[in-house]
Amino acid sequence: MCEKENKKRYYITTAIAYASGKPHIGNTYEIIMADAIARYKRMRGYDVFFQTGTDEHGKKVEEKAKEAKMNPQAYVDQQTAVIKEIWDLMNTSYDKFVRTTDSYHKKQVQKIFEKLYDQGDIYKSEYEGWYCTPCESFWTDGQLKDGKCPDCEREVHKAKEESYFFRMSKYADQLIEHIEKHPEFIQPESRKNEMINNFLKPGLQDLCVSRTSFKWGVPVTFDEKHVIYVWIDALSNYITGLGFDCGGNHGDLYNKYWPADLHLIGKDIVRFHTIYWPILLLALNIPLPKQVFGHPWMLFGEEKISKSRGNVMYADDLVKFFGVDAIRYFVLNEMPFAQDGSITWQLVIERINSDLANVYGNLVNRTVSMVNKYFGGTLNDKREYEALDEELKQFALEIVRRVDLKMDGLRVADALEAIFELLRRCNKYIDETLPWTLAKDETKTDRLNTVLYNLLEGIRIATVLIEPFMPETAKNVFEQINTEQKSYDSVLSWGNYEISNKVTEKPAALFARIDAETKLEEVQQYLEAKVPKKMRFKDEVSIDDFAKLDIRIGKVSECKKHPKADKLLVLKVKCGTDERQIVSGIAEKYSPEQLVGKKVAFIANLAPITLRGQESKGMILTAEDEDGTLETITVSEVEDGAVVK
Ligand code: ME8
């Protein structure tokens, strides 16, 4: 294969998401980022293969399936469909969606395991650690939380389990050498240092690679009691998805695209991808991926996104309110290179207003409207240049170069920011040239024509660059300004907007400005309707407040209908040596006969009142649910006169 051809290929992967729940906006960020990179590389002329997928085995999935009363395969089929739906909703252009339950994948994982066992890299031993019986999990000393299970906080005990282990330490030196020789291998740099100093240098422990405590996994062929523990299974997706064959008869995609150019993963799984995965590949004598990028995390405000904290945001909900491209823009723009980013509904609205509506939308709208208003939609080739135009041109071409550099360094947010600098520069150019003033002076028509051309060209260049990030928006803008000049090559020089093209007559706003207060209320209502309503209780009272009420058990000795009100019953209630009359609004539920003889709870010290001519000394206690079902509170064993407290 010639070197030149080789250079043009680009294989990018995301982590494969656990098929144990719906992915939140943090998980979704990863596929959007991978998509932006893949689209950018395609635009730059690379032959790209973009793979994603789902991680479908393991104890958690087994448990979740059980909870859902489904067999695990049916459960992961359902979960994977949910994940795919979100990936598709976000307009991600993956070429392959691999599932670890695919039969080809499973077969190859079994062969890999056999091979490693046969060559002595995997051996059988015992796993010893702290075992939590309800969680069926082993923990090391360091993982325990106050001596208890870090998951459920229950007691743990020392236990042993038969297990297969991978001799990690055998390959550690080879890996350290590789990392040191290839400074770009682990990105960002801080994660590389962490891996070397915290894991590799202190000495690698052998990795436990099988389990007997659950069944939902790829079985070890020569020892069926064991299933292959998830990491060998999950990580192998990057090669099996391409048609890697352990026997050497690889598929075309594998021959063409391996080694991967980029594994894009979250910071929590960098260790698995930069230590265990390369060591596995070294043992199999397979070339290592060129780069692993451990991206930062998306936080909800300042907090970790988690179901138990009740702050999970999902892409489909966000899209419902703001559209796909606004969310793609938000997450790509908001996540710095190495530090965590942050999302809240409020922040999304602010960003849409400040960047998408005010900067991009406004620029396109104003420009297209002016081309219509002053030139009937089509400019001409009469030009009158000023120094300012050259400055704008150089600025734009510099942005093209800067975006490329940033994308090369995987600084996606910075690349996007650079494009917005160009859009802001164009808006500033409008303020500097004041086209509406030029329009008032007939001798300035050629100058006005030139100014508007420069604006269309600036918009065109920015939009070509923005396409990988916001594909639908770019399509819309290309239509509005009516250009076919959408290639990367066309932005390497200034002046490729087709002068004779007619812009759209009725420019529609790209992004409408959002009224934050109204929108947040709508969001709130929508989210509340989605989750079961929280119980709302009355204000807190003290025990002394409660003690003021004298609640007793009374026996209904007589009961009749109220002569003047259908809803009321008049009861005689005996309470020890006391007997009194109480009027109660329970006639719709009870007939007088049903109540006589019952022992009911009532408030004995409520100030007496007269209800339609009948005195009532107290109140019968009832319970009423949301459906309006009502019942008196009755007792059977205690005698009347008893105190309720
Ligand atoms: O880890 N912000 O799957 P997963 C950004 N199956 N990224 C986040 C995030 C957040 N708040 N939370 C999680 C797994 N992620 C394994 C991977 S690969 C062979 C096996 C990222 O569904 C996380 O770091 O828990 C990971 O890269 C991806 O989402 C999927 O996470």
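The sulfur of cysteine 559 lies 17 Å from the closest cysteine sulfur, that of cysteine 575, which is too far for a bond. Cysteine 559 counts as buried at 15% relative accessibility, where buried denotes under 20% relative accessible area, with a 1.4 Å probe and protein chains only. The model is predicted, so that local features need pLDDT of at least 70 and side-chain atom pairs count only at pLDDT 80 or more, whereas totals for chains, interfaces and linings use all residues. Residues are numbered from 1 along each chain as its sequence is written, and side-chain values use heavy atoms, with hydrogens and water left out.

With a disulfide taken as a pair of cysteine sulfur atoms within 2.5 Å, the count is zero. Cysteine 149 takes part in no disulfide, and the nearest cysteine sulfur, in cysteine 132, is 3.7 Å away. Cysteine 149 is likewise buried, its relative accessible area being 0%.

The ligand is surrounded by 22 residues, of which Ile16, Glu30, Asp55, Gly266 and Asp268 are the closest; a residue is included if one of its heavy atoms lies within 4 Å. An oxygen atom of the ligand is 2.6 Å from a polar side-chain atom of glutamate 30. A separation of 2.5 Å is found between an oxygen atom of the ligand and an N or O atom in the side chain of aspartate 268. A polar backbone atom of methionine 298 lies 2.8 Å from a nitrogen atom of the ligand. Taken alone, the ligand exposes 670 Å², of which the protein buries 93%, areas being computed by the Shrake-Rupley method with a 1.4 Å probe.

Notes:
Polar contact = N/O pair within 3.5 Å; in protein donor to acceptor, adjacent residues only side chain to side chain. Buried < 20%, exposed > 50% of the residue type's maximum accessible area, 1.4 Å probe, protein only.
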